[in-house]
Amino acid sequence: MSGEIEIIGTFTSEDECAAAIEGLHKAHVHDFNVFSPFMSEKINEAVDEVRRWGRSPVRKFVLAGGFTGAFTGLILTVGTSWEWNINAGGRPIAAIAPYIIIIFELMILFGVLSAVSSFFLTSSLPAFESAPGFRTRFGADRFGLVARVAESDVSKVEAMLRDAGAEDVARAAA
Amino acid sequence: MAAAVGQGDFPINYIDVDRTAQRVMNPAGLKYWLWVAFLAFLVAVGVSYWTRQIYVGLGVTGYGQPNYWAVYITNFVFWVGIAHSGTLISAVLYLFRTRWRTAVYRCAETMTIFAVVTAGLFPIIHLGRPWYFYWLCPYPNERFLQPNFRSPLTWDFFAISTYLTTSALFLSMGLIPDIANQRDISTGWRKKFYTILACGWQGTDRQWRNFSMAYLLLAGFATPLVLSVHSVVSWDFATMQTPGMHSTIFAPYFVAGAIFSGCALVITLMVPMRKWLHIEDLVTVWHMDNLSKVVLFTSLVITYSYLTEAFVVWYSQDPIEMMTFHQRFFGSQAYLFGGMILCNCLVPLLLFSPRIRTNMIWLFVISIFVNIGMWLERFVLIAGSLSVAQTPSQWRFYVPKITEVAITVGSFGWFLFNFSLFTKFLPIVSMTELKEGITWLRKSIREPYPYRKAA
């Protein structure tokens, strides 16, 4: 959108980056993206403070996958036993105890497949284009904070990023 | 230069972790390719003997009444066991937030994948007509009969295939951020290769949020799975009526044994890798010390299991079970049992000494003993128990022939071949997790380790 500028702040530590995110929150700038070379709890907490996303939706997919797997295991074992109904010496047609192993394994299998597929789905992967403002150092040893702000707020946000400890602050046309 | 990182006054930082990992993946020299060629040769030997076995039949092996389960099933159980430490180190220790796992878990996970793949070959090799291996799969035959879901062999199919899938996905997911890092610093064909594998990962807050949840849940699934898989493998034996195999302690005993042998193999691989790949600053003495403590602990569990197993046999006063154990302890193949006790129960006791735990040569030697001991344990259990069947006129002590030996050696070649290729093309240490725990890594490098002088 015209009239908006992307400001890229580069940080050497996660603490500084988290402080900058809090600064953006206070400045009512909520359109931003954070890049980090590893999973940082501090950055996650700071982002969550702003976005209020809560926990990842992956867990719901996994729960559904686990139940589906267990149900599939139950249908496969009990269903096929009933389908070929042989009475062997009065023993139960559907022997639940050994079937629990199959049910358990399929619950795990479906749960795991759901976890991985939902991770890709919710993270919009595979992605074929770089996110705006991404720099290769953000995958190595720097933390990146890319904020999209109105032209009138640029100076204020740049100053805030520097105050938070940004090593470098740059602009890119949005 | 290897020694530059993390030594002296130069504190290790994020980029040092990348540089060290990158150096491991630099184009290999002649020595590396000679090593890979040697392993490929071992694989070729194994494949050629297997081809001969398929062509001529199982008669080329030492199999015969009553030993129809011997080296191949021993190898199957051995390799499945080896696989377990990967899941223990990566998943179980991840749930407990154990810091020392970060440096070694990728190696253990990689080992898991190749060990399960190797293990999965043995039930097929064991078949006289391997082209019918798919009969185990749960599909209805022409009479609409499904496999018997009460059979431990069917449980095995489900357990092993789930385990392989879970381990492969767990490893692949953990690799994505590191591969993305490699993508950003590589050139040429490697850049294209890593670009495909990285799936466009850029480490945004949303990606990390979903990644950490998915990874946590995968770890949560893998933890009970690791307990279930080797329990299921143990039930292949424990649900039989064969003397020497019919024991309810098998499930925990197999799980402990699997972790024991797997951690020992991680040490066997890590000690030379630290030296040859110059990753001493990422995989420190602290990491190896902690790994060896796991080996020591599981060795004690194994020793307790051996005693319990023998006690239960004595307590039952079942004459056939007593006879089987008598043969195991004092029979003509008692030297195998003795070797197993020496390697699994006595030699690991050396790890009570902090000096030995921090001495890489000692660790390497002890880990080799454990690997031999654990293979012997499975052999004694399977081939030994079957040798002394319930009718003494059927007794026959199994001796492997060249076919089994060549295929077994070939399996080690196959495992190491895959592992060696992995180390050169994909990150063998987790860069992201090392960076996450960099404070701990610095501490393990810079502060004098309690027993550092011994190393």
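**Before you click.** This is a predicted model, so local features need pLDDT of at least 70 and side-chain atom pairs count only at pLDDT 80 or more, while totals for chains, interfaces and linings use all residues. Residues are numbered from 1 along each chain as its sequence is written, and chains are lettered from A and ligands numbered from 1 in the order in which they are written.

**Stop 1: chain A.** The mean for chain A is 89, and 98% of its residues reach 70 or more. Helices (H or I, at least four residues) and strands (E, at least two) are DSSP runs, numbered from the N terminus.

**Stop 2: where the chains meet.** Show both chains. In contact here means that two residues have C-beta atoms, placed from the backbone, within 7 Å. By that rule, 47 residues of chain B touch 48 residues of chain A. On the chain B side, the elements giving two or more residues are H1 (14-24), H5 (152-185), H7 (205-238) and H15 (431-436). Which of them gives the largest share? That's H7(B), with 16 residues.

**Stop 3: a residue at the meeting point.** Click B:Leu218. Leaving aside neighbours within four places in sequence, B:Leu218 is in contact with A:Val112 and A:Ala115 from chain A, and with B:Leu169, B:Phe170 and B:Met173 from chain B.

**Stop 4: the cores.** A nonpolar core is a set of buried Ala, Val, Leu, Ile, Met, Phe, Trp, Tyr and Cys residues joined through C-beta atoms within 7 Å. Buried means 20 or more other C-beta atoms within 10 Å of a residue's own, exposed means 12 or fewer, and partly exposed is in between, with C-beta atoms placed from the backbone. The largest core has 148 residues, and B:Leu218 is among those with the most contacts inside it, as are B:Val104 and B:Met270. H8(B) gives the most to this core, 17 residues. Apart from that core lies another, of 27 residues, including A:Val34 and A:Leu145.

Stop 5: Select residues 250-276 of chain B. Why call H8(B) largely enclosed by the rest of the structure? Because 21 of its 27 residues are buried.

Stop 6: Most residues other than glycine have a negative phi, and most peptide bonds are trans. Step past H8(B) to B:His278, in the loop between H8 and H9: its phi is positive, about 55°. With 17 C-beta neighbours inside 10 Å, B:His278 counts as partly exposed. B:Cys199 also has a positive phi of about 55°, and sits in the loop between H6 (188-198) and H7 of chain B.

Finish with two cis peptide bonds: A:Leu125 to A:Pro126, with omega near 0°, and B:Gln65 to B:Pro66, with omega about 0°. Look for B:Pro66 in the loop between H2 (30-56) and H3 (71-95) of chain B.

Definitions and conventions
pLDDT = per-residue confidence, 0-100.
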